[in-house]
Amino acid sequence: MEQVGSTSHKKRKKFWTEERKEAFSGYIYISPFFILFFIFGLFPILFSFYLGFQKWNGLNEMEFVGFQNFEWILTDPIFWKSLSNTLIMWLLGTLPQLLIGIILAYALNASIIKMKSAFRVSIFMPYVTSTVAVAIVFGVMFNSQEFGLINVILGTFGLDPISWSTSEWGVKIAISTMVFWRWVGYNTIIYLAGLQGIPHELYEASVIDGATVRQKIQYITIPLLRPIIILTVFTSTIGALQLFTEPLIYIGRTYREEGITVVLYLYREAFSNLAFGPASAAAIILFLIIIVLSTINVFIANRIGR
């Protein structure tokens, strides 16, 4: 009996080795992230996919309706209006910030620029500023009255004031300007980090070969910066299609068609109309659109610099 007991004890001891203990302790340390991700990330995603096929107002029992929510969303003209608004704001606010970000990063990386640290901090400040505060400040700047800052500037050139908060393009330009101002510094810092990773010897060799500034950018900077460009295009596309806070603060809970985005549309359906089924269906459609557009953008960005 003693021999059998000692044998089983040795097996247990062999199973619980030091390597297993270290691996188990590692899983314990990282488990809070996965637990929180499952509760606040994965579960809501899966539950939204489930709700997309249900009729539910948040209080009564759910009723399975199949694809009726998707049919209702795809035949709703306001949904298509919100989708077009989102894409237009993406073109007006996101694409320019990527181009300007590369130019600013190249300028900040140049040796002739003095006080680089001050410029880097100042250009990154909009990113760490509260989104609500940014929307409120820009709401005052793009005030529709004559005393609004932008209208005052236009008045100095003899132009009539613009109704920024109610006109079709005024709302889009105001919101796109908020997005551009807040995120251009973030992309600039990312591009700057990528530029500083390019060996300086390549530029020195190009100078010896007589390369111009345009040729340096075209044949050295852009090709070696291509992975960073792909990253920023991917993240910016996702962020632009999920635009929510800026239009919500700027146009308020009126949800006017001039500035409503897809996320604002599904928010209205869920928490104003208590139609969680159509809201979840809109979220699923947006998820598919993000996948398609992100794939297209990454494919195009991947061909840059080849």
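Begin by selecting residues 27-53, 87-109, 121-142, 173-193, 224-244 and 275-300, which an unreviewed UniProt entry lists as "transmembrane region"; UniProt positions are given in the numbering used here, feature names are shortened, and annotations may be inferred rather than shown by experiment. What you have open is a predicted model, in which local features need pLDDT of at least 70 and side-chain atom pairs count only at pLDDT 80 or more, while totals for chains, interfaces and linings use all residues. Residues are numbered from 1 along each chain as its sequence is written, and side-chain values use heavy atoms, with hydrogens and water left out.

Keep two of these spans on screen. Residues 121-142 are 86% helix and 0% strand, with the end C-alpha atoms 26 Å apart, whereas residues 275-300 are 96% helix and 0% strand, with 38 Å between the end C-alpha atoms. Helices here are DSSP runs (H or I, at least four residues), as are strands (E, at least two), and they are numbered from the N terminus.

Next, select I45, S48, L266, A283 and I284, which are the closest to the centre of the largest pocket among the 22 residues that line it. The volume of this pocket is about 600 Å³. A pocket is an open set of points on a 1 Å grid over the protein atoms alone, where a 1.4 Å probe fits, with protein on both sides within 12 Å along at least five of seven lines; lining residues have an atom within 4 Å of a point. Grid points are joined across faces, edges and corners, and the volume is the space filled by probe spheres set on the points.

Colour α2 (18-51), α13 (262-271) and α14 (276-302), the elements that each give two or more residues to the lining; α14 provides the largest share, nine residues. By type, the lining has 19 nonpolar residues, three polar and no charged.

Now centre on L266, in helix α13. L266 counts as buried because its relative accessible area is 18%, buried being under 20%, exposed over 50% and partly exposed in between (1.4 Å probe, protein chains only). Leaving out residues up to four places away in sequence, L266 touches A279, A282, A283 and L286, where contact means heavy atoms within 4.5 Å.

Finish at Y106, in helix α4 (residues 77-108), which is partly exposed at 26% relative accessibility. Beyond its neighbours within four places in sequence, Y106 is in contact with L195, V213, I217 and T221.

Notes: Ala, Val, Leu, Ile, Met, Phe, Trp, Tyr, Cys and Pro count as nonpolar, Asp, Glu, Lys and Arg as charged, and the others, Gly among them, as polar.
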